[in-house]
Amino acid sequence: LVMAKFPNLSTQQVSRRVKETVDPLTAFFGKCETGGRLNLARALSGGFGIHPGTYSWVPTNGMNSLTLTDNGVSTARLLPFTFRYGGKNYTNLFIGANGVMGFVNVSLANTSNVDLPTSAFPNALLCPFWDDLNPGAGGNVWFGTLGTAPNRSAVVSWIEVPHKQTA
């Protein structure tokens, strides 16, 4: 059905589309590749999008505080797992002062909300809290890992980091 609706997709692209449009279910986590149930309606529609998750506060106990200045970028932080993003595997993460993260240290010090570094896909950039922040003026940026294999998470938190003040 997906191939019929999207005849220009390769077999690999169809497979990826079907896998990335599942309904995540905790009952399937760790029991199948996707951790979810197929959702053919989503695969046949636009399909791709952000799906709401359950929110829970993650304490910074046991995490490392990063010393970042205005527009600073951390050294490479080793991830406790391989992260697949944009068709590539990454094992390191760079954390920027301005609420951004990247798998390569390219344009992470940028302070403008513009296309970073280009509009080309993939660009190895994540923007969870993208703004002109200044951890050198207060607050903390934290990095840590939670859980044990195979249920591990990498966590980055910008806590009470003020916006950069401009005159």
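Me: Which residue is the bridge partner of Ser-65 in β8?

Reply: Trp-142 takes that place. Keep in mind that we are looking at a predicted model.

Me: What makes β3 and β8 count as a pair?

Reply: Two strands pair if there are at least two bridges between them. β3 and β8 (residues 140-146) have three bridges, in the antiparallel sense, so they count as paired.

Me: And which residue does Trp-142 stand opposite in β9?

Reply: That's Ser-157. β8 and β9 run antiparallel and are joined by seven bridges. With at least two needed, they count as a pair. The two strands also form a hairpin, with six residues between them. In its turn, Gly-147 has a positive phi of about 85°.

Me: What is the strand order in the sheet of three strands?

Reply: The order is β3-β8-β9, the pairing is antiparallel and the sheet is open.

Me: Why are β3 and β9 said to stand at the edges?

Reply: β3 (64-66) and β9 (153-159) each have a single partner strand, so each is left with one side that has no neighbour in the sheet.

Me: What about the open sheet of four strands, what is its order?

Reply: It reads β4-β5-β6-β7, again with antiparallel pairing.

Me: What makes β5 and β6 a pair?

Reply: β5 and β6 (residues 101-102) share two bridges in the antiparallel sense, and at least two are needed, so they qualify. One of the bridge partners in β6 is Met-101, which goes with Ile-95. These strands form a hairpin too, with five residues between them. Gly-99, in the turn, has a positive phi of about 80°.

Me: Which residues have the most contacts inside the largest nonpolar core?

Reply: Leu-93, Ile-95, Val-141, Phe-143, Val-156 and Trp-158, out of 16 residues in the core. β5, β8 and β9 each supply at least two core residues, and β5 gives the largest share, three residues.

Me: Why is this called a nonpolar core?

Reply: Because its members are buried residues of the nonpolar kinds such as Val, Leu, Ile, Phe and Trp, joined through side-chain atoms within 4.5 Å. Across the protein chain, buried residues make up 29% of the 167 residues.

Me: Is Ala-154 buried, exposed or partly exposed, and how do you know?

Reply: Ala-154 has 30% relative accessibility, so it is partly exposed: buried would be under 20% and exposed over 50%, and its value falls in between. Ala-154 lies in strand β9. Gly-144 is ten residues away from Ala-154 in sequence and 5.9 Å away in space, C-alpha to C-alpha.

Me: Which residues lie nearest the centre of the second largest pocket?

Reply: Ala-154 is one of them, along with Phe-81, Phe-83, Arg-152 and Ser-153; the lining has 13 residues. The space in this pocket comes to about 670 Å³. β4 and β9 each supply at least two lining residues, and β9 gives the most, with four.

Me: What makes up the lining of the second largest pocket, by class?

Reply: Eleven nonpolar, one polar and one charged residues. Arg counts as charged, so Arg-152, being in the lining, is that one charged residue.

Me: How many helices and strands does the protein chain have?

Reply: Three helices and nine strands. Read along the sequence, they follow the pattern α-α-β-β-α-β-β-β-β-β-β-β.

How values were computed: Residues numbered from 1 in each chain as written. Predicted model: local features only at pLDDT ≥ 70, side-chain atom pairs only at ≥ 80, totals over all residues. Heavy atoms only, no water. 1 Å grid on protein atoms, 1.4 Å probe; cavity = no way out; pocket = protein on both sides within 12 Å on 5 of 7 lines; lining within 4 Å. Points joined across faces, edges and corners; volume = space filled by probe spheres on them. Buried < 20%, exposed > 50% of the residue type's maximum accessible area, 1.4 Å probe, protein only.
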